[in-house]
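Hi everyone, thanks for coming. Please have a look at the structure on the screen, and then I'll walk you through it.

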Amino acid sequence: MDHKDLREQNRLSWNAVVETHASHRGELAGFLRGGGSTLFPEERALLGDLGGKTLVHLQCNSGGDTLSLALLGATVTGVDISDEAILYARRLSSETGIPANFVRADVYDWLGEAVREERRFDVVFSSYGVICWLSDLGAWARGIAAILKRSGRFVLVDFHPAAEMFDEQWNRARAYPSGGEPRLLREGVGDYVAESGGGLTPAGFEEGVRGFENPHRSHLFRWGLGEVVTALAGAGLRIVVLEEYPFSNGERLLPGMRELPGRRMFPPENVPAVPLMYGISAEKS
Ligand SMILES: C[S@@+](CC[C@H](N)C(=O)[O-])C[C@H]1O[C@@H](n2cnc3c(N)ncnc32)[C@H](O)[C@@H]1O
């Protein structure tokens, strides 16, 4: 099932929260202008040298990471379904003077068009809370494989589906995700930037908007890690790296997480280690 209707509801839910997230980010434009980066070491390592490369950043949100990628020498295109996120990203690009092309589009529509137009990129990148918004992993992976140049790379860093199994007290409350089963979030996209208390705001955390309530619900799609890897391999990409990490970068996925150096969030002391994030690098042969 395509679920375009659910993805359109997600667009409204994301639109509603962008300003609230932005209110916590501090002086991001000045931070980037001064050469600061919003990227974490894990994606930097997987991406390698970006000098002179063409790169598309799928589900780029408000563009901080996209502009940080441009600072590493790539010619960047950011794609996101949210009108508000793309407006913010374009503003950030002009305020910082860091060039980037930002496109507002559903990732499936954009990939379809890029494939029809035979566009090709050296690198496709996506990160931190992206797979859960995808209703069809096969179409996504085939689109990515089709727009990569030969020897081009796809890099993904995302929160681990195992984290989805826990409730707010870290009890196992849900089955491991599989099959892209939709999960309704009545409360919509929340203010995870505030909840992460500085973990997602390298330019400094500001109090900003408090008590945000999203008027639009959202819909997640529950996929397991094996399904992500199988979709990429099935599209003809060679998996070069698949790494799992016992922490999440920046985001406090659940209450009680401990912040260790580098804005790495670990579970509370009494919770045995569990993978909370993974990274993939895959190559088009
Ligand atoms: C958690 S954010 C990703 C974070 C991002 N890496 C960053 O740098 O902030 C998820 C993004 O996916 C976008 N999104 C959700 N569904 C989408 C779709 N069908 N097509 C394109 N973007 C989508 C949302 O608008 C949101 O900006």
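Let me begin with a question: is Glu19 buried or exposed? Glu19 is exposed, because its relative accessible area is 65%. Here buried means under 20% relative accessible area, exposed means over 50%, and partly exposed is in between, using a 1.4 Å probe and protein chains only. Glu19 sits in helix α1. The C-alpha atom of Glu19 is 8.5 Å from that of Ala85, although 66 residues separate the two along the chain.

Before we go on, a word about the model. It is a predicted model, where local features need pLDDT of at least 70 and side-chain atom pairs count only at pLDDT 80 or more, while totals for chains, interfaces and linings use all residues. Residues are numbered from 1 along each chain as its sequence is written, and side-chain values use heavy atoms, leaving out hydrogens and water.

Now the overall view. The protein has 9 helices and 12 strands; these are DSSP runs numbered from the N terminus, with helices being H or I of at least four residues and strands E of at least two. The radius of gyration is 18 Å, close to the 19 Å from the globule rule for 285 residues, so the protein is as compact as a globular protein of that length. That radius is taken over C-alpha atoms, and the rule is 2.2 Å times the number of residues to the power 0.38. Of the 285 residues, 54% are buried.

Next, the sheet. Seen in order, β3-β2-β1-β4-β5-β12-β8 make an open sheet of 7 strands with mixed pairing. Strands β3 (101–104) and β8 (237–245) are at the edges with a single partner strand each, so one side of each has no neighbour in the sheet. Two strands count as paired if DSSP finds at least two bridges between them. β1 and β2 pair in the parallel sense over 5 bridges, and Thr54 has Thr75 in β2 as its bridge partner. β2, residues 75–80, also pairs with β3 in the parallel sense, over 4 bridges. There, Thr77 stands opposite Asn101 in β3. As for β1, 4 of its 5 residues are buried.

What lies across these strands? Helix α6 (residues 107–116) lies across β1, β2, β3 and β4, running at about 150 degrees to β1. Helix α7 (residues 137–147) lies across β1, β4, β5, β8 and β12, at about 140 degrees to β5. Axes are lines fitted to C-alpha atoms, for helices over the stretch in contact, and angles run from 0 to 180 degrees between N-to-C directions.

How do α6 and α7 meet? Their axes come within 9 Å and cross at roughly 35 degrees.

Finally, let's visit His24, in the loop between α1 (4–22) and α2 (28–33). His24 is buried, with a relative accessible area of 0%. Leaving aside neighbours within four places in sequence, His24 has contacts that include Asp191, Thr201, Phe205 and Glu207.

How values were computed
Contact means heavy atoms within 4.5 Å.
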